[in-house]
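Please keep the structure in view while you read.

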Amino acid sequence: AHSKAFGGVRHSHAVDPNLPDYAFEMATSAVRVGPGVTRELGYDLKSLGAKNVCLFTDPKLAKLQPVATAADSLAKCGIPFQIFDGVDVEPTDASMQRAIAFAHKGGFDAYVAVGGGSVMDTCKAANLYASDPTAEFLDYDNAPIG
């Protein structure tokens, strides 16, 4: 979207003072915090049109209430899902590749992470590689490794 500089004054950071300033907008996902919000997961994904969800977690959390609540919410909304509970606390190449293989096979259209940083990072990586089936494992890694 095009925006005029406030009061007709050009910003000093403009590359070319003869060009108009531009504003950029970035939509972000909603963040909800509070008792019971995990029970709303299925409704949120249904409203987004999700038809095949991959729920990522780790082996310990897989046995606890947060994962059960998320799975129950998906089931109550009639959304098919599979659980990947093979996330390592400190992810390795091997554990990431197992997650990526799971994501490739599942043909998921939505990903949910229930857990901490390792679960979220593994979930994001699996989603990324599933969306680019021809990518090699190190294609998205920074130099000097990738």
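In this predicted model, valine 53 is in contact, once its neighbours within four places in sequence are left aside, with Leu45, Leu74, Ile79, Pro80, Phe81, Gln82, Phe108, Asp109, Ala110 and Val112. Val53 also belongs to the largest nonpolar core, which has 14 residues, and it is listed there with Leu45, Leu55, Leu74 and Val112 as one of those with the most contacts inside that core. Four elements, namely helix H1 (41-47), strand E1 (53-56), helix H2 (65-76) and strand E3 (110-113), each supply at least two residues of this core, and the largest share, three residues, comes from H2. As general background, nonpolar side chains in soluble globular proteins tend to be buried together.

How many disulfides does a search of the whole structure find? The search finds zero. Cysteine 54 is in no disulfide, and the nearest cysteine sulfur, that of cysteine 123, lies 6.5 Å away; cysteine 123 is likewise in no disulfide, its nearest cysteine sulfur being that of cysteine 54. The table sets out how buried each of the two cysteines is.

| Residue | Relative accessible area | State |
|---|---|---|
| Cysteine 54 | 0% | buried |
| Cysteine 123 | 6% | buried |

Notes. Residues are numbered from 1 along each chain as its sequence is written. This is a predicted model: local features need pLDDT of at least 70, side-chain atom pairs count only at pLDDT 80 or more; totals for chains, interfaces and linings use all residues. Side-chain values use heavy atoms; hydrogens and water are left out. A disulfide is a pair of cysteine sulfur atoms within 2.5 Å. Buried means under 20% relative accessible area, exposed over 50%, partly exposed in between (1.4 Å probe, protein chains only). A nonpolar core is a set of buried Ala, Val, Leu, Ile, Met, Phe, Trp, Tyr and Cys residues joined through side-chain atoms within 4.5 Å. Contact means heavy atoms within 4.5 Å.
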